[in-house]
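Here is a briefing on helix packing and ring contacts. Keep the model open while you read.

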Amino acid sequence: MSELQIIEAALQQASRRRRWARALRGLWRGLLVGAILSLLVIGVWHLLPLPFWALTAAALAPILCALAGMIIGGWHRTPLPEVARWVDGHQHLKERLSTALEVAGESDVGTWRDLIVTDAAEHAKGLDLRRLVPFRLPRATRWTLLALALGAGLGFVPEY
């Protein structure tokens, strides 16, 4: 495996992990929107004579919104040069990876280019993607759980 392939493989893994992190964040945001929508529909159903399908829609809203949020969050693929700049900034690599990608595309072969690519490949081997892009629960999680609990509790309240 050449040094350029090592750099590209590390950047593709970072891009994939970053995309999954955005998708999970979108899932929780979508679930929050769906939970609030469900809470509103159930609250209105208790006050006004709505058809029974409104309760079915209120029950499906969090699931559908969570799926939509996950798709929207993970939709965008980030190009490798942009990922390289992002990794350089977060790992304080002083533009090693992005410069190596730019220089590797040039046609003239020189020792300077080889040195830059070799240095970047050594730093790419040492990347810890779990530390660089950790999977965490977003802040919206607590509000989502609160809205879901309120919606479930409101289901036990008799309608007006």
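Leu 32 sits in helix α1. Helices here are DSSP runs (H or I, at least four residues), numbered from the N terminus. This is a predicted model: local features need pLDDT of at least 70, side-chain atom pairs count only at pLDDT 80 or more, and totals for chains, interfaces and linings use all residues. Residues are numbered from 1 along each chain as its sequence is written, and side-chain values use heavy atoms, with hydrogens and water left out.

**Leu 32**
- Leaving aside neighbours within four places in sequence, Leu 32 is in contact (heavy atoms within 4.5 Å) with Ala 140, Trp 143 and Thr 144.
- Leu 32 and Ala 147 are 115 residues apart in sequence, yet 7.4 Å apart in space, C-alpha to C-alpha.

**α1 with α7**
- Two packed helices are described by the angle between their axes and the distance between the axes.
- Helix α1 packs with helix α7 (residues 140–154) at about 25°, with the axes 9 Å apart. Axes are lines fitted to C-alpha atoms, for helices over the stretch in contact, and angles run from 0 to 180 degrees between N-to-C directions.
- The angle makes α1 roughly parallel to α7. Angles under 35 degrees count as roughly parallel, over 145 as roughly antiparallel, 65 to 115 as roughly perpendicular and the rest as oblique.
- The crossing of α1 and α7 is left-handed. That term applies if the near helix is turned anticlockwise from the far one by less than a right angle; clockwise is right-handed.
- On the α1 side, the contact residues include Trp 28, Leu 32 and His 46; on the α7 side, they include Ala 140, Trp 143 and Leu 154.
- By class, this contact of α1 with α7 has 13 nonpolar, five polar and no charged residues. Nonpolar covers Ala, Val, Leu, Ile, Met, Phe, Trp, Tyr, Cys and Pro; charged covers Asp, Glu, Lys and Arg; the others, Gly among them, are polar.

**α1 with α2**
- The axes of α1 and helix α2 (residues 53–74) come within 6 Å and cross at roughly 160°.
- So α1 is roughly antiparallel to α2.
- The crossing of α1 and α2 is right-handed.
- Its contact residues divide into 18 nonpolar, seven polar and two charged.

**α1 with α4**
- Helix α1 (residues 3–47) and helix α4 (residues 96–104) have axes that come within 11 Å and cross at roughly 130°.
- The two helices α1 and α4 are therefore oblique to each other.
- Leu 4, Ile 7, Glu 8 and Leu 11 in α1 meet Leu 97, Ala 100, Leu 101 and Ala 104 in α4.
- The contact of α1 with α4 has seven nonpolar, no polar and one charged residues.

**Charges over rings**
- The charged end of Arg 17 sits over the ring of Phe 135, 4.2 Å from its centre. The criterion is NZ of Lys or CZ of Arg within 6 Å of the ring centre and within 35 degrees of the ring normal.
- Arg 18 lies over the face of Trp 86, at 4.4 Å from the ring centre.
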